[in-house]
Amino acid sequence: MENKIEQVNNYQAKPDDLEKVNWQERINKYFRGEMHTHSVLSDEYNREAGLDNKEKAHRIERVLDFYAKQGLEFAVITEHGSDPGNPRQLKADDHICRLLLEQAEELAARKETSEKGIEAYSSVEASIFFDQDGQAVLDLPPEVLGKMDVVIASRHVIDRQRESEAIKASFLTAINNPDVDIIGHPNRHIEFYPHDWAYFKKYWREDKDLSGALEKMETEKDWDSIKKIIGKKDVEDSDDNFIQDSREKFISLESDYWRMWEEVLGAMEKKGKVFEINLNSFVPSKNFYQLLLAQAARLPNLKFSVSYDFHNLGQLKNIKDKDLQSEEIVGVKSPERNKAYRLLLDLCDLLEANQIGPDRIINSSKENFIKFLNNKKKSRLR
Ligand SMILES: [Zn+2]
Ligand SMILES: [Zn+2]
């Protein structure tokens with residue numbers, strides 16, 4: 001893995017590329033600090049379950065060293081509480097909570113004592129989930145959330161994952177929680193592309209009759225009917241009831257879904273919660289993400305954060321080579337770009353296309369980030 005990290009550290013654009021466009025400057029305009037990066041403490045839930053270092057996360061100093069080499073000014077060290085794959089409500093005196101609080105104190109002390117260098121901020125990524133009574137809750141208690149520089153709340157494994165009402169209820173719980181600052185990877189696991197057969201099919205998974213019938217269409221390669229259901233072909237009067245019904249179901253699922261986003265994004269704007277553009281799951285070149293970001297961009301007071309959400313620095317390698325083959329953007333030849341920077345450059349293009357300026361990105365400069373932290377303090381005092 002060391003090699004992979006070196007590849008990144010040593011990456012430099014060729015001089016002729018730099019002449020064409022200064023891509024570093026372009027990135028710097030939007031990204032001066034990493035807003036969501038994990039360290040060893042995020043593995044604590046695994047250790048408690050007897051699985052040691054499953055995430056292969058790094059020590060904080062190693063993480064900071066990496067980001068310092070990238071030229072960043074700060075990094076937000078974000079840790080999990082309970083297992084995101086099986087979240088549960090933790091109490092303030094649980095072992096993990098005590099460790100989270102200790103780490104926050106250590107990071108605060110580090111700020112006082114460390115020389116210039118890169119700054120580190122404390123953070124947790126609380127999991128949003130439904131408890132036994134069907135109420136949306138966070139896994140971490142207010143005693144922990146209240147002590148962090150930054151609180152991110154994210155949906156991970158959660159019941160009724162694709163039901164718009166349930167998605168909304170889960171988001172609103174986090175949005176209405178005064179301790180939460182950022183909604184983490186809001187798109188993750190609920191990407192609903194235009195004409196998205198897979199989403200539709202998964203939505204009906206519990207309904208054995210319907211999902212069986214949809215599955216049959218696929219095995220029989222009845223593409224014509226499938227295209228009609230997902231709206232790639234017109235439904236005709238002569239089509240059977242099942243196709244007509246399924247088309248209606250698709251239309252209402254899709255409109256409920258986008259209405260959910262309208263309400264969720266509106267509530268985020270109103271409550272001052274930040275929309276996290278998490279490049280671990282947000283793919284700027286794909287149309288679903290473009291649609292979602294365009295909708296968010298229309299709310300003038302909604303702010304964004306940009307992050308990679310690394311659990312492990314080797315994660316960079318997960319960006320596939322084929323992702324580098326897509327069309328040229330801003331004059332930098334794709335193969336010349338570092339893989340992770342490629343995503344960020346694609347995002348810069350998308351932000352500009354949506355007229356989202358650096359002023360709306362809380363980590364586009366240290367100054368913006370400090371302003372965000374100060375606003376948070378003020379709203380807490382109120
Ligand atoms: Zn997450
Ligand atoms: Zn994370």
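## Two zinc ions

How far apart are the zinc ion (ligand 2) and the zinc ion (ligand 1), and which residue coordinates both? The two ions are 3.5 Å apart, and E125 coordinates both. This is a predicted model.

The pair links distant parts of the chain. E125 is in strand β3 (residues 119-130). D309 is in the loop between β8 (304-307) and α14 (339-353), 184 residues apart from E125.

## The site of ligand 2

Four residues coordinate the zinc ion (ligand 2). They are H36 (NE2), H38 (NE2), E125 (OE) and D309 (OD), at 2.1 to 2.3 Å. Their spacing in sequence reads H-x1-H-x86-E-x183-D. The angles among the 4 donor atoms run from 80 to 171°, and the site is irregular.

Are E125 and D309 buried or exposed? Buried means under 20% relative accessible area. E125 has 1% relative accessibility, so E125 counts as buried. D309 has a relative accessible area of 2%, so D309 is buried too.

## Helix α12

Helix α12 covers residues 241-271, which is 31 residues. The expected span takes 1.5 Å times one less than the number of residues. That gives 45 Å for α12, and its end C-alpha atoms are 45 Å apart, so the two values agree.

Look at both ends. At the start of α12, a side-chain oxygen of D240 comes to within 3.2 Å of the backbone nitrogen of F242. Just after α12, G272 has a positive phi of about 70°.

## Aromatic pairs

The model holds 23 aromatic pairs. In one of them, the rings of F171 and W261 have centres 5.6 Å apart and planes at 40°, so the pair is tilted. F171 lies in helix α8 (residues 164-175) and W261 in helix α12, so the pair ties together parts 90 residues apart in sequence. Both F171 and W261 are buried.

Y257 and F288 form another tilted pair, 6.4 Å centre to centre with 55° between the planes. Y257 is in helix α12 and F288 in helix α13 (residues 287-297), so this pair ties together parts 31 residues apart in sequence. Y257 is buried, with a relative accessible area of 0%. F288 counts as buried, at 0% relative accessibility.

## Charges over rings

Arginines also sit over rings. The charged end of R160 is over the ring of F130, 5.0 Å from its centre. R162 lies over the face of Y199, 5.7 Å from the ring centre.

## Helix α5

Which residues of helix α5 (residues 60-69) are buried? They are I60, R62, V63, L64, F66 and Y67. After α5 comes G71, with a positive phi near 85°.

Technical notes:
Residues numbered from 1 in each chain as written. Chains lettered and ligands numbered in written order. Heavy atoms only, no water. Helix = DSSP H or I, 4+ residues; strand = E, 2+ residues; numbered from the N terminus. Polar contact = N/O pair within 3.5 Å; in protein donor to acceptor, adjacent residues only side chain to side chain. Buried < 20%, exposed > 50% of the residue type's maximum accessible area, 1.4 Å probe, protein only. Donors = N, O, S within 2.8 Å, 3.2 Å for Na, K, Ca; no water. Tetrahedral: all angles 85-135°; square planar, octahedral: opposite > 155°, others 65-115°. Phe/Tyr/Trp six-rings, centres within 6.5 Å; stacked < 30°, edge-to-face > 60°. Lys NZ or Arg CZ within 6 Å of the ring centre and 35° of its normal.
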